Amino acid sequence: MRLLLVEDDRELAAGLGEALARSNHATDIVHDGEAARAACDGTEYQLIIMDLSLPDGDGVDVIRWLRQRRVTTPVLILTARDDLDERIRGLDAGGDDYLTKPFALGELEARIRALLRRSEPSVPLLAFDGLEFDPGTKIVTVDGQPVDVTAREMTVLELLLRRPGRVVSKHQMLEALYNWDQHANPTIVEVFISRLRRKLAEAGASVSIRALRGLGYRLEAER
């Protein structure tokens with residue numbers, strides 16, 4: 001799950017980024033409106049957390065810019081402005097929810113979950129030859145039996161299940177697993193793939209993850 005955090009307070013932004021990473025959210029962090037626009041031009045996000053007081057303008061203007069470009073990504077407004085008129089202005093500009101500072105981290109995470117559920121009201125089950133993943137419950141099964149996978153293994157498996165029979169590159173996996181400022185070694189993908197192969201084999205899965213040198217990985221049926 002990839003999020004964008006637009007927050008001019010660098011210390012707060014770094015702390016939120018670390019907290020969201022622990023919840024398995026790869027979070028890109030920018031500190032002004034110009035950088036937010038550039039990030040949204042180059043990356044598709046599942047949710048945007050937007051501060052309103054930015055050094056180069058108002059976060060509301062960034063929200064309007066997104067909606068004018070028909071970007072429907074949910075926006076959670078996060079700001080110290082707590083008067084009613086500011087809330088109305090932010091929501092009328094296209095914001096989806098509003099949380100004022102100071103706030104409890106648990107409430108922020110709950111609002112993120114609610115917005116993500118709202119943006120995907122009916123998440124289809126991902127299935128391939130007896131292997132199933134439910135994005136709503138985060139449960140992986142092989143022939144109906146649950147398989148214990150870690151959060152990052154689940155992210156890799158979901159990418160493969162969304163493209164069965166097609167190649168998923170290491171770059172695509174790294175983008176889903178880590179944010180901009182986490183300099184992950186591409187070989188870490190091989191570790192997650194190795195673990196997934198072992199767990200699927202132990203569960204008796206009739207699918208395999210095939211490596212294609214220089215291209216990436218592909219989920220294939222063995223029968």
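Colleague: Which strand does Ala-127 lie in, and what makes a strand here?

Modeller: Ala-127 lies in strand E8, where a strand is a DSSP run of type E with at least two residues, numbered from the N terminus. The model is a predicted one: local features need pLDDT of at least 70 and side-chain atom pairs pLDDT 80 or more, while totals for chains, interfaces and linings use all residues. Residues are numbered from 1 along each chain as its sequence is written, and side-chain values use heavy atoms, without hydrogens and water.

Colleague: Why is Ala-127 called partly exposed?

Modeller: Buried means under 20% relative accessible area and exposed over 50%, with partly exposed in between (1.4 Å probe, protein chains only). Ala-127 has 46% relative accessibility, so it counts as partly exposed.

Colleague: What is Ala-127 in contact with, leaving aside neighbours within four places in sequence?

Modeller: Contact means heavy atoms within 4.5 Å. On that basis Ala-127 is in contact with Glu-132 and Leu-161. Ala-127 also stands opposite Glu-132 in E9. Tyr-98 is 29 residues from Ala-127 in sequence and 36 Å away in space, C-alpha to C-alpha.

Colleague: How do you know that E8 and E9 pair?

Modeller: Two strands pair if DSSP finds at least two bridges between them.

Colleague: What joins E9 to E10?

Modeller: Four bridges join E9 to E10 (residues 139-142), again in the antiparallel sense. Phe-133 has Val-140 in E10 as its bridge partner. This hairpin has four residues between its strands, and Lys-138 in the turn has a positive phi of about 60°. Strand E9 (residues 131-134) has a covered face with Leu-131 and Phe-133, and an uncovered face with Glu-132 and Asp-134.

Colleague: What is the strand order of the open sheet of three strands, and what makes a strand an edge strand there?

Modeller: The order is E12-E14-E13, with antiparallel pairing. E12 (167-168) and E13 (207-212) are the edge strands, as each pairs on one side only. E13 and E14 (residues 216-221) pair over six bridges.

Colleague: Which helix packs on that sheet, and at what angle to E14?

Modeller: Helix H6 (residues 151-161) packs on it, touching E12, E13 and E14. A helix is a DSSP run of H or I with at least four residues. The direction of H6 makes about 65° with that of E14; axes are lines fitted to C-alpha atoms, for helices over the stretch in contact, and angles run from 0 to 180 degrees between N-to-C directions.
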